[in-house]
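Please view the model alongside the text.

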Amino acid sequence: MSGLRRFAQWGLWFGGALVLLAAVLIGIDVLMRKFLDRSIGGADELAGYALAIGTAWGLGAALLDRAHIRIDSLYVLFPQKLRLTLDIVALVLFVSFFALTLWHGLGVVSQSWISESRSQSALETPTIIPQVLWIAGLASFVLVGLVLLIHALRVGLSGDLRGMAQLISTRSAEEEVEDEIRDLKNRQVGGGN
């Protein structure tokens with residue numbers, strides 16, 4: 001799992017960097033329009049690619065960190081075994097949805113490759129380039145999700161229900177507080193306080 005976490009973290013940094021670069025590019029484009037009456041041209045297209053690719057690559061880390069938003073008003077009232085069953089069903093459905101998206105996306109990429117498609121903008125970007133990066137991000141997420149599912153099932157079948165919950169369940173308020181305290185202590189130690 002530690003190797004998977006490193007891989008997912010790399011994907012998160014890559015995706016975040018793309019979104020940050022897109023924001024900088026759009027900022028420069030806005031300033032150029034305001035003060036120079038000129039535009040970079042294609043900034044919106046590149047930002048769209050960056051958002052799609054960055055999101056796809058960040059999904060795996062969000063899944064491993066249990067950062068996806070879930071509404072859990074009733075969930076916390078259920079017994080642990082029922083919660084874990086619902087967590088497994090949710091993970092299977094979540095990964096299945098993205099596997100289906102990946103499958104259909106591969107068809108789009110294949111068609112772009114065969115027809116040598118280009119964007120209908122001034123950049124005339126070969127669409128295969130952003131599509132392959134996007135598909136790779138989706139594939140990495142599906143891989144992360146499948147490995148997490150298998151690992152969670154192994155942990156659960158070994159009898160460690162608490163360990164299974166720490167892998168796939170909604171983060172509890174206590175866990176959130178513990179993380180905040182740990183982060184605060186780390187900042188104090190790192191800052192020399």
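Where is the kink in α2 centred? The kink is centred on Gly58 and amounts to about 35 degrees. Here the bend at a residue is the angle between axes fitted to the seven residues ending there and the seven starting there.

## Basis

This is a predicted model; local features need pLDDT of at least 70, side-chain atom pairs count only at pLDDT 80 or more, and totals for chains, interfaces and linings use all residues. Residues are numbered from 1 along each chain as its sequence is written, and side-chain values use heavy atoms, with hydrogens and water left out.

Helices (H or I, at least four residues) are DSSP runs, numbered from the N terminus.

Helix α2 covers residues 43–64, 22 residues in total. From first C-alpha to last, α2 reaches 32 Å, close to the expected 32 Å at 1.5 Å a residue. The expected span is 1.5 Å times one less than the number of residues. Arg66 follows α2 and has a positive phi, near 55 degrees.

Gly58 lies in α2. Gly58 is buried, at 11% relative accessible area; buried means under 20% (1.4 Å probe, protein chains only). Beyond its neighbours within four places in sequence, Gly58 is in contact (heavy atoms within 4.5 Å) with Gly11 and Leu12. Ala139 is 81 residues from Gly58 in sequence, and 12 Å away C-alpha to C-alpha.

## Helix α1 and Asp29

Helix α1 spans residues 2–36. It has 35 residues and reaches 50 Å from its first C-alpha to its last, close to the expected 51 Å. Asp37 comes after α1, with a positive phi near 50 degrees.

The buried residues of α1 are Leu4, Ala8, Gly11, Gly15, Ala22 and Asp29. Their cover includes α2 and α4 (128–157). Asp29 has a relative accessible area of 6%. Setting aside neighbours within four places in sequence, Asp29 is in contact with Arg38, Ser39, Ile40, Gly41 and Ala43.

## How α1 and α2 cross

Two packed helices are described by the angle and the distance between their axes. The axes of α1 and α2 come within 7 Å and cross at roughly 155 degrees. Therefore α1 is roughly antiparallel to α2, a term for angles over 145 degrees. Axes are lines fitted to C-alpha atoms, for helices over the stretch in contact, with angles from 0 to 180 degrees between N-to-C directions.

The crossing of α1 and α2 is left-handed: the near helix is turned anticlockwise from the far one by less than a right angle.

Note on methods
Helices (H or I, at least four residues) and strands (E, at least two) are DSSP runs, numbered from the N terminus. Buried means under 20% relative accessible area, exposed over 50%, partly exposed in between (1.4 Å probe, protein chains only). Angles under 35 degrees count as roughly parallel, over 145 as roughly antiparallel, 65 to 115 as roughly perpendicular and the rest as oblique.
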